Amino acid sequence: MGSPDPLDFYAVGALLSDDERLVRDTVARFVDREVTPIIAECFAAERFPVELVPRLAELGLFGATIRGYGCAGLGYTAYGLICEELERGDSSVRSCVSVQSSLVMGAIHQFGSEEQRSHWLPELARGAKLGCFALTESHGGSDPARMRTRARRHGGDWTLDGAKHWITNGALADVAVVWAMTDDGVNAFLVERGASGFESRVIKNKMSLRASSTAELAFTDVRVPESARLPEANGLKAALQCLDEARFGIAWGACGAARDCIDTALRYTESRELFGRPLNQTQLIQTRLADAVRKLAGAQLVAWRLAQLKERGAAMNAQVSLAKWSNVRAALDIARDCRDMLGAAGITLDHSPMRHMLNLETVITYEGTQSIHELIVGRALTGQSAF
Ligand SMILES: Cc1cc2nc3c(=O)[nH]c(=O)nc-3n(C[C@H](O)[C@H](O)[C@H](O)COP(=O)(O)OP(=O)(O)OC[C@H]3O[C@@H](n4cnc5c(N)ncnc54)[C@H](O)[C@@H]3O)c2cc1C
């Protein structure tokens with residue numbers, strides 16, 4: 001019977017349709033040819049590879065689950081596979097696609113007017129415009145209801161005042177989906193780059209997600225028309241719905257980072273000789289590799305099942321939360337142990353596990369920290385909210 005594929009131990013790949021396999025293989029080829037060769041250098045230089053944006057668009061990876069408006073109209077399993085392959089390259093590339101697709105295009109598609117949809121979605125799908133999603137503020141990302149950014153009505157217009165922190169693509173974006181408190185609760189506004197009073201500043205010296213551009217945004221008396229407000233984005237619930245879509249992609253993406261780490265450790269321990277034999281012939285290395293594959297296999301099955309539920313519109317928030325937190329935790333633990341199996345070589349950018357490990361520190365923090373997702377699952381288990 002042979003042995004199972006270490007990177008797909010329970011043959012999840014065999015459950016895919018031909019179309020899904022085509023999507024996976026196309027994105028995998030793009031990552032091997034265009035992401036892997038440049039990404040360590042981008043990480044070292046703290047540079048987002050903006051030159052990949054037109055290629056990501058050409059491949060139909062922006063807003064891939066949206067039907068119409070120049071988008072690919074794929075299912076959730078295909079979207080998951082896109083995230084998995086991109087994050088196998090680097091979390092920064094997957095983050096760019098998640099933000100553009102789930103958080104920006106998703107918000108406009110779900111909560112925008114028809115006019116906003118037809119104006120923005122084709123441009124964002126073509127990569128002609130980049131977007132960002134501005135929810136977090138510096139005084140507490142886990143508690144967005146306390147936001148201080150205010151939008152006030154002036155006749156037919158609105159003015160925005162406040163600041164947002166830790167915004168992916170914030171300084172590159174042509175349009176920001178900005179969440180602000182109004183007299184009637186939280187609303188979302190499309191603020192274009194260049195609007196008077198809107199400024200951005202790149203956050204430097206991150207030790208994680210270095211190939212992604214992260215920014216602070218400031219709004220001082222920024223005037224936007226009523227037509228810039230997303231008419232259906234009423235309340236924080238709308239923002240959380242967008243985040244749920246992105247968290248689904250993260251649950252898949254984490255599997256990609258973990259796969260790349262295990263692949264690297266398998267190859268390294270096969271060629272490394274210590275004490276007169278290859279490292280992979282020692283019991284301790286084999287149990288560690290087996291444990292990494294145990295964690296990956298569980299994460300892949302959870303991701304696949306979650307996609308099945310999402311295809312049917314049956315995925316519950318707590319299920320998305322458990323998958324996000326559990327899969328990223330698994331990937332982080334795998335990355336750390338694979339880094340260790342490479343010894344000193346593992347701390348360099350010549351090998352991927354440490355880069356993935358550092359990236360995953362952000363991935364386990366953004367879109368809800370591990371503790372917040374544990375509390376969401378705890379609430380589902382007990383019926384009691386502890387936060
Ligand atoms: C690189 C990067 C990119 C990001 N991109 C975006 C983006 O594009 N858009 C955006 O809006 N945001 C973005 N974020 C922000 C991210 O979502 C927040 O950092 C995250 O929500 C956590 O908020 P915080 O950093 O303020 O931590 P805090 O909320 O201050 O949390 C600090 C600690 O307290 C814990 N904690 C919080 N509440 C409780 C509780 N009730 N009980 C027990 N423990 C608790 C947390 O788990 C955490 O360990 C990004 C962050 C990073 C690092």
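Predicted model: local features only at pLDDT ≥ 70, side-chain atom pairs only at ≥ 80, totals over all residues.
**Close-up views of helix packing and the ligand site**

View 1. From α8, the residues K324, V328, A331, L332, A335, R336, C338 and R339 meet P353, M354, H356, M357, L360, E361 and V363 of α9. By class, this contact of α8 with α9 divides into 10 nonpolar, 1 polar and 4 charged residues. Helix α9 spans residues 353-363, and its axis and that of α8 come within 8 Å, crossing at roughly 150 degrees. Angles over 145 degrees count as roughly antiparallel, and α8 and α9 are therefore roughly antiparallel to each other. Their crossing is left-handed.

**View 2. Packing of α7 with α8.** Helix α7 comprises residues 283-311 and helix α8 residues 317-341; their axes come within 10 Å and cross at roughly 155 degrees. That angle makes α7 roughly antiparallel to α8. The crossing of α7 and α8 is left-handed. On the α7 side, the contact is formed by I285, R288, L289, A292, K295, L296, A299, V302, A303, L306 and L309, which meet Q319, V320, A323, N327, A330, D333, I334, D337, D340 and M341 in α8. Sorted by class, the contact of α7 with α8 contains 14 nonpolar, 2 polar and 5 charged residues.

**View 3. Packing of α3 with α6.** Helix α3 (residues 76-89) and helix α6 (residues 236-271) pack at an angle of about 45 degrees, and their axes are 7 Å apart. The two helices α3 and α6 are therefore oblique to each other. The crossing of α3 and α6 is right-handed. Residues Y76, T77, Y79, G80, L81, C83, E84, E85, E87 and R88 of α3 meet E245, F248, G249, W252, G253, A254, C255, G256, A257, R259 and D260 of α6. The class composition of the contact of α3 with α6 is 9 nonpolar, 5 polar and 7 charged residues.

**View 4. Surroundings of the ligand.** The ligand is surrounded by 20 residues, of which T136, G141, S142, W166 and T369 are the closest. At T136, an N or O atom of the side chain is 2.7 Å from a nitrogen atom of the ligand. At G141, a polar backbone atom is 2.7 Å from an oxygen atom of the ligand. At W166, a polar backbone atom is 2.8 Å from a ligand nitrogen atom.

Note on methods: Residues numbered from 1 in each chain as written. Heavy atoms only, no water. Axes fitted to C-alpha atoms, helices over the stretch in contact; angles between N-to-C directions. Helix = DSSP H or I, 4+ residues; strand = E, 2+ residues; numbered from the N terminus. Parallel < 35°, antiparallel > 145°, perpendicular 65-115°, else oblique. Left-handed = near helix turned anticlockwise from the far one by under 90°. Contact = heavy atoms within 4.5 Å. Nonpolar A, V, L, I, M, F, W, Y, C, P; charged D, E, K, R; others polar. Near = heavy atom within 4 Å. Polar contact = N/O pair within 3.5 Å; in protein donor to acceptor, adjacent residues only side chain to side chain.
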